[in-house]
Amino acid sequence: MHGTKILEEADRLMTVCNSCRYCEGLCAVFPAMEMRRAFSDGDLNYLANLCHACGACYTDCQFSPPHEFNVNVPRTLAVARAESYAAYAWPRAFAGTFARNGLVISLVAALSVAAFIFGFAALHDRQVLFGIHTGPGAFYKLMPHNAMAALFGAAFLYAIAALAMGVRAFWRDIGEPIGMKTDARALLQAIRDAGELRYLDGGGVGCFNEDDRPTDRRRLYHHLTFYGFALCFASTCVATLYHYLLAREAPYPWWDLPVVLGTIGGIGLLIGPIGLLAERWKRDSILVDEARYGMDVAFIAMLFLTSLTGMALLILRETAAMGPLLALHLGVVFSLFVTMPYGKFVHGIYRFAALVRYARERKAMAQGAGE
Amino acid sequence: MADLTVKFDVLVIGGGNAALCAAISARRAGASVLVLEGAPKFYRGGNTRHTRNMRCAHDAATDILTGPYTEEEFWDDLLRLTGGQTDEELAKFMIRESKDILNWIVEQGVRWQPSLGGTLSLGRTNSFFLGGGRAMLNALYLTAEKLGVEIVYDAEVIDLDIEHGMFLSAKLKQPIDGTSEIRASALVAAAGGFEANIEWLKEYWGEAADNFLIRGTPYNRGSILKMLLDKGVQDIGDPTQCHAVAIDARAPKFDGGIITRHDSVVFGIVVNKHARRFYDEGEDIWPKRYAIWGRLVAAQPDQIAYIIFDASVRNSFMPTLFPPIEGGSIAELAAKLELDPAALEKTIAEFNAAVKPGTFDHTILDDCRTEGITPPKTHWARRIETPPYLAYPVRPGITFTYLGTRVNRQARMVMKDGKPSANMFAAGEIMAGNVLGKGYAAGIGMTIGSVFGRVAGREAAKNARN
């Protein structure tokens with residue numbers, strides 16, 4: 001007996017799949033399944049988070065609906081995955097944010113933006129808010145650098161702490177002792193698998209979306225989004241180093257590293273989310289967890305808005321719009337950080353942890369087979 | 001939607017591996033091609049849905065095959081498993097052509113799975129479809145559609161107009177856009193056998209056929225085969241022969257596919273409804289003897305049998321779809337199976353007493369055997385004595401039938417008078433009996449389908465042009 005109905009269904013499907021095994025070459029889920037004969041809640045949560053939702057196993061399955069065996073692995077694991085996010089949420093009191101995720105995140109975002117605008121307006125007179133500021137330190141006329149660093153540093157640290165607690169809960173649930181995360185080879189393998197989205201390719205042809213014709217578009221858009229996000233993050237890090245090590249204050253000229261990184265990343269982070277959203281829209285509803293539409297859209301929208309407001313700020317930073325745009329951008333980024341542990345962002349974290357586990361298991365199996 | 005009022009160069013009836021290979025090869029040869037699949041889209045492809053691999057000759061190991069499998073070895077295997085009931089010329093032709101199929105099928109979009117060296121001992125001889133048979137079918141359909149092959153589903157053909165061995169038209173049960181008569185210059189029949197046609201099976205098996213389970217879709221009714229044989233095409237193959245394995249008695253009547261099979265026979269004993277053993281469970285290595293148990297169970301009263309084993313071997317074989325039925329004692333298990341407890345206890349006690357000491361090794365013909373009972377268990381015999389006692393109820397699961405249409409090397413049908421048909425070709429299960437008089441080895445059905453499908457399509461296109 002399992003804790004939830006969806007895990008009961010996942011168990012039923014894994015029993016069907018384990019007596020078939022035709023899909024074993026498609027991704028990591030089925031080889032991991034084959035290492036087991038029975039499935040605990042933790043095993044099923046592990047498999048659910050290992051699944052990249054490419055949809056190939058549904059299209060390839062001779063027992064998918066309308067067959068009476070009714071095998072729909074992508075959707076079942078998508079629901080189980082989403083339920084696992086709530087189960088691992090820290091603090092527990094916030095687990096409920098996953099249920100109405102789109103609404104919660106929109107509210108947090110709106111409140112954050114409002115708070116920054118209100119804060120700027122309250123602290124300064126209108127000339128400062130709508131004034132034209134140029135040259136190093138221009139942004140800090142609106143909000144002192146130290147205040148900005150303290151606020152975002154705290155938000156960021158909170159997100160890291162909450163995510164770490166979630167991963168801890170996941171790692172325990174799937175049965176890996178805490179101390180076993182230090183396997184360097186498994187980590188490297190997982191970084192490579194996640195970095196290239198190895199298991200989002202339907203075994204080589206691309207994933208399945210609106211019909212039975214596979215394409216690689218989702219992987220492309222995800223790469224644009226993820227690497228765009230990474231470049232934007234790198235831009236922030238470089239800027240922080242400039243500030244503290246070189247005493248060079250933002251805004252930086254367009255050719256300088258933080259701006260170049262941020263611009264390239266920002267473009268990726270504009271195109272990627274639009275593409276992902278369009279693909280999400282078109283996707284055959286049989287493959288997805290319809291109830292979690294809001295969670296997917298909210299996260300994609302937040303990433304898009306982060307980039308859009310950042311790019312707008314870059315283009316209009318020497319005009320009177322700079323003040324309001326800075327408030328908007330900071331508000332969006334702040335809410336992105338504080339809602340990270342309670343939205344779709346966590347999918348990457350748990351999937352990565354599952355990939356680490358899979359890399360370890362596969363190595364253990366290979367060694368076992370060699371003996 | 002295709003305009004069905006025009007005359008096509010090539011009409012393909014059927015929708016599995018052979019049909020699609022024929023359609024693609026005819027289209028690539030420049031013909032206009034229509035495929036009529038009798039099943040709805042989800043169930044397209046007949047038994048191909050449930051396949052997983054293909055047996056092709058090759059001279060060296062590759063990414064997907066662990067070692068060479070020469071034409072000679074393939075021929076030796078075929079000769080042995082059919083007991084010589086094969087058309088040597090056709091069989092050798094097929095084996096030669098199979099070498100090129102490994103690449104040709106990839107050019108049609110099908111992907112092979114890298115050899116895993118895992119669950120099945122076929123890594124050297126057989127190539128596995130990545131994602132299984134339905135993935136293979138999906139790839140073939142996508143390629144056919146891209147090439148401009150017209151495909152219609154739910155298109156059941158109820159009559160063929162054939163004059164003096166020449167195909168003229170096919171009649172549809174349900175008109176499509178007002179058209180029910182499909183004309184074509186050449187016909188490729190690739191519509192499979194009659195395994196899902198219980199009434200037809202009864203002609204050879206009697207009422208026992210009511211207890212058969214059919215491993216594929218309910219659409220494999222053999223109606224095209226019957227029309228062709230009724231209209232002068234020469235038959236081949238033993239109509240009573242079919243590929244049948246023991247599958248779980250709890251499986252659905254149709255389309256349970258691969259996952260209802262049991263490969264646990266060698267780990268226990270098999271009894272009939274009178275709780276008596278009836279055949280040597282340890283005769284030969286799995287999977288060589290995989291395919292005999294369907295027929296053995298079919299010969300038992302009520303076509304039911306029970307694989308009985310104990311907790312010590314529970315995890316010795318692949319996990320099963322249906323869990324084993326459990327009993328804390330043999331009597332309790334017998335009661336759950338509705339067998340006579342005393343009879344089952346007696347059978348197991350006699351068996352246990354007859355087991356001789358030996359060293360168990362399921363990978364070879366080991367020395368664990370019985371002495372002094374009939375039938376003996378000649379290998380892997382170990383006492384059944386560790387509770388809980390476990391059982392799988394099994395029935396005959398019919399995979400496919402062997403009766404077919406005779407063809408020549410062009411895959412061209414041969415008429416009863418021995419003359420080749422003017423424009424009719426056959427590929428796949430509907431003509432498998434030419435190569436496989438009896439017996440079976442994994443993946444041969446797909447080899448027959450792809451090789452003869454490709455040939456039939458090419459020849460039909462050539463025929464249509466002349």
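In this predicted model, strands β17 (residues 412-414) and β18 of chain B pair in the antiparallel sense over two bridges, and within that pairing R412(B) has F425(B) of β18(B) as its bridge partner. The two strands form a hairpin with five residues between them, and in the turn G418(B) has a positive phi of about 90 degrees. On the parallel side of its pairings, β18(B) is joined over three bridges to strand β8 (residues 179-189) of chain B, where A189(B) stands opposite A426(B). Strand β18, which covers residues 420-426 of chain B, has five of its seven residues buried, so the strand is largely enclosed by the rest of the structure.

Strand β11 (residues 242-248) of chain B, by contrast, runs antiparallel to β15(B) and pairs with it over seven bridges, with I247(B) standing opposite R395(B). Strand β13 (residues 305-310) of chain B is also antiparallel to β15(B), the two being joined by six bridges, and in this pairing I307(B) lies opposite Y392(B).

The surroundings of V10(B) can be traced residue by residue: when its neighbours within four places in sequence are left aside, V10(B) is in contact with A26(B), A31(B) and V33(B), with A184(B), A186(B) and V188(B), and with G457(B), A460(B), A461(B) and A464(B).

Helix α3 (residues 88-107) and helix α10 (residues 444-465), both of chain B, pack at an angle of about 90 degrees, and their axes are 9 Å apart. An angle from 65 to 115 degrees counts as roughly perpendicular, and α3(B) and α10(B) are therefore roughly perpendicular to each other. On the side of α3(B), the contact is made by M94(B), E97(B), S98(B), I101(B), W104(B) and I105(B), while α10(B) contributes T447(B), I448(B), S450(B), V451(B) and R454(B). Sorted by class, this contact of α3(B) with α10(B) has six nonpolar, three polar and two charged residues.

Finally, there is the contact between the chains, which takes 25 residues from chain A and 27 residues from chain B. On the side of chain A that touches chain B, α1 (5-18) and α4 (56-60) of chain A each supply at least two residues. By class, that side of chain A has nine nonpolar, nine polar and seven charged residues.

Technical notes. Residues are numbered from 1 along each chain as its sequence is written. Chains are lettered from A and ligands numbered from 1 in the order in which they are written. This is a predicted model: local features need pLDDT of at least 70, side-chain atom pairs count only at pLDDT 80 or more; totals for chains, interfaces and linings use all residues. Two residues are in contact if their C-beta atoms, placed from the backbone, lie within 7 Å. Helices (H or I, at least four residues) and strands (E, at least two) are DSSP runs, numbered from the N terminus. Ala, Val, Leu, Ile, Met, Phe, Trp, Tyr, Cys and Pro count as nonpolar, Asp, Glu, Lys and Arg as charged, and the others, Gly among them, as polar. Axes are lines fitted to C-alpha atoms, for helices over the stretch in contact, and angles run from 0 to 180 degrees between N-to-C directions. Angles under 35 degrees count as roughly parallel, over 145 as roughly antiparallel, 65 to 115 as roughly perpendicular and the rest as oblique. A residue is buried if 20 or more other C-beta atoms lie within 10 Å of its own, exposed if 12 or fewer, and partly exposed in between; C-beta atoms are placed from the backbone. Two strands pair if DSSP finds at least two bridges between them.
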